[in-house]
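Visitor: Please present the model, and then let us discuss its contacts and backbone geometry.

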Amino acid sequence: MSDHISGPRAIADPVIDITDVYAFPSPESPNHLVLIMNVFPYAGPSALFSDAVIYRLRVRSISIAPDGRSFAVAADESTFDFIFSGSQPSQEGHCALPNGDVIKFRLNEESGGTAKGLQIFAGQRSDPFFLDGPMAEKTIATRQIAFKEVGSDRLYGKNVLGIVLRIEWATVLKGGPMFAVVGETLSAGKRPVRLERVGRPEIKNITLSAKIFDTVNRDLEIRDIYNEEDAFNVSKNYAGAYRARLNANLAFFDGLDGKVDWPLDPRGNHPLTELLLADFLVVDASKPFSETSYFDIERAVLEGRTHATCGGRWLNEDLVDTLLTLYVNAGKGPRIRDGVDAPIAWSLKVFPYMAPPNRPEAGKS
Amino acid sequence: MMDERPLTDGTIALLNLDAQIDALEPEVRIGPASVETRSGLAELIALRGLIVGCIADYDRANEIAEQLVRDVPTDPHALLARARTHAGFHRFNDALADIECAEQLSLDAETANGERAAIFQALGRYDESLVLREEAAKRRASFEHVAALVGLHAERGEIEATERRYEESRSQYRGVSPIPLALLDFQLGLMWMNEGQLDNARTSFNAAQRRVPAYAPAGGHLSEVEAELGEVDSAISRLHSLAESSDDPDYAAQLARILWDVGRDWESRYWRQVAAARYDELIANHPEAFADHAAEFWLAAGADPDKALQLAKMNLEVRNTPRARSLLAQAVAAQSASSSAECHENVVPPCG
């Protein structure tokens, strides 16, 4: 499930559990970039943000590295810190902007908070992610593609707590027009500690969690260690462990159709490993909004060509199909489908983009 | 004292626990939900029951786990879920049998031994529990493993070891939920109370309640400590609110006892009746789980030594702990005192 329940710490406390991060040019205003971070999988009606957590969106300017095969990430960063206070009847939120200004807003108010070049929403919304989770697990357990023509969406009718930030990127962000985006939860206080971080979807769950193919660290629950890393500066301590796990698991997925589309290099490295290890969304704000452009920029880099779309990630994209097709046949074969093609409610193309929350009893597919 | 990391406000934490339960409950009720969802829901509901002192929550968790085992009897996680709810109702032998079975069905040894250690502790088999708990903490000194040792040392009255492990476990805590730390403070409070160090007990129970204001057992024990320290009005006020909100008769029983002690007989009688009726109901449904507390009630405010003795014997059969032995000794003494008073009454006719 995208990044839902992605490690022991997230399982223990859903209020820190980032389910997804999205980044896309605004469908209704090309000058704006939209960033979304969702937390709290399976949020019931009374779910609230923690008052002891910083919900952070980090944005850095990014370009294609001189080698043409990877990204060069700028050191300068635009950070948006969201904190919440109070409980019932309504929480109040504060967003600290990169220039030091603070915007106030109230939970679930659709117009949200505004400042020059910015609009913010936070509140309960329908979870836009969809997949057949049990069949994804069965695929790994049986080492065979287990998806059915019509799958069952474990997240159907579920809600999350969403944070939506619409930015006039040219005036608010540093650099551009291509950006790297990461969402984080950190414990508040004098010395914030990173609890979770998410860039790309399904890295920790589908891509990293299976241990059985990893001959180097077969017993290691790697996800909490991975969560603690700075996405823009992965420590050397565990980089080898992440590489080993990614190489093993990506090779497993590649082999699911009985042929090799991603030949490993002489040292056993999968061609996607380094790219995925740089775990952030890559979005080009100068390109028009696109509904299906996840990983386009990365693919262009891999293929040594100039990208044509905005990349990033839109709310309604059938991410699991895109990802499985990428992993299994590198896009050279038929599209791999998980049998779930839509969420319970489509997201909107106007602010705050995410569909309103579902009633609790709607949670059956 | 170490730096306190910021924690989620206890009211928000409890609302979020409700939110998790409310999101999963329709899925489980309508069915079919996965084993993971159902066992996860049972665990969340049992946790809420523990925090707010709600026996109906334990019943619901048990119902989910029982149904789960009926539906998938060979799933180790279903058996694990039922082992936990069985242990919650003090059906320790059934719980151990479920764990044994789950392990044969490939439940990992670390999880199985963690569950066994908790049951051994509840049964008073402290040495066996300690071996398993220490092994786990040696393998991985996580918050959960070290916190489990705090509870064990506290129950054994090992003050130095408890305090050391308490500090160690707090330093290992990486989360923002206040609930695990409130549970830890509660363990410490119980130890101080059992050791007669009432000021320390009050500090620990207060800490637990500050973290999670709705933490009913912390409030209940805090009232006991306050009453012992002569702060009767505060104790009564606290217990009033707990006795009204909780379906656990312990609060009504404590309230009846304290009201009686201060001469508020009429009010005491009302709460005594409330507690007596509820204990009878609970003993009929879950005798093993409530024998100890019911025996304590009948020994004190309930004033029925025969009933207390019968329940204290049953409790000792369930678990041979120092507390169970002490309870039986008190019940024997009370029953014997009551019998001799009755004999005396028979020999010497009442005046007038």
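Guide: This is a predicted model, in which local features need pLDDT of at least 70 and side-chain atom pairs count only at pLDDT 80 or more, while totals for chains, interfaces and linings use all residues. Residues are numbered from 1 along each chain as its sequence is written, and chains are lettered from A and ligands numbered from 1 in the order in which they are written.

Visitor: How many residues of chain B are in contact with chain A?

Guide: On the side of chain B that touches chain A there are 11 nonpolar, seven polar and six charged residues. Here Ala, Val, Leu, Ile, Met, Phe, Trp, Tyr, Cys and Pro count as nonpolar, Asp, Glu, Lys and Arg as charged, and the others, Gly among them, as polar. Chain A contributes 27 residues to the contact, and chain B contributes 24.

Visitor: Is Tyr42(A) buried or exposed?

Guide: Tyr42(A) is not a glycine, yet has a positive phi of about 55°. A residue is buried if 20 or more other C-beta atoms, placed from the backbone, lie within 10 Å of its own, exposed if 12 or fewer, and partly exposed in between. Because Tyr42(A) has 28 C-beta neighbours inside 10 Å, it counts as buried.

Technical notes: Two residues are in contact if their C-beta atoms, placed from the backbone, lie within 7 Å.
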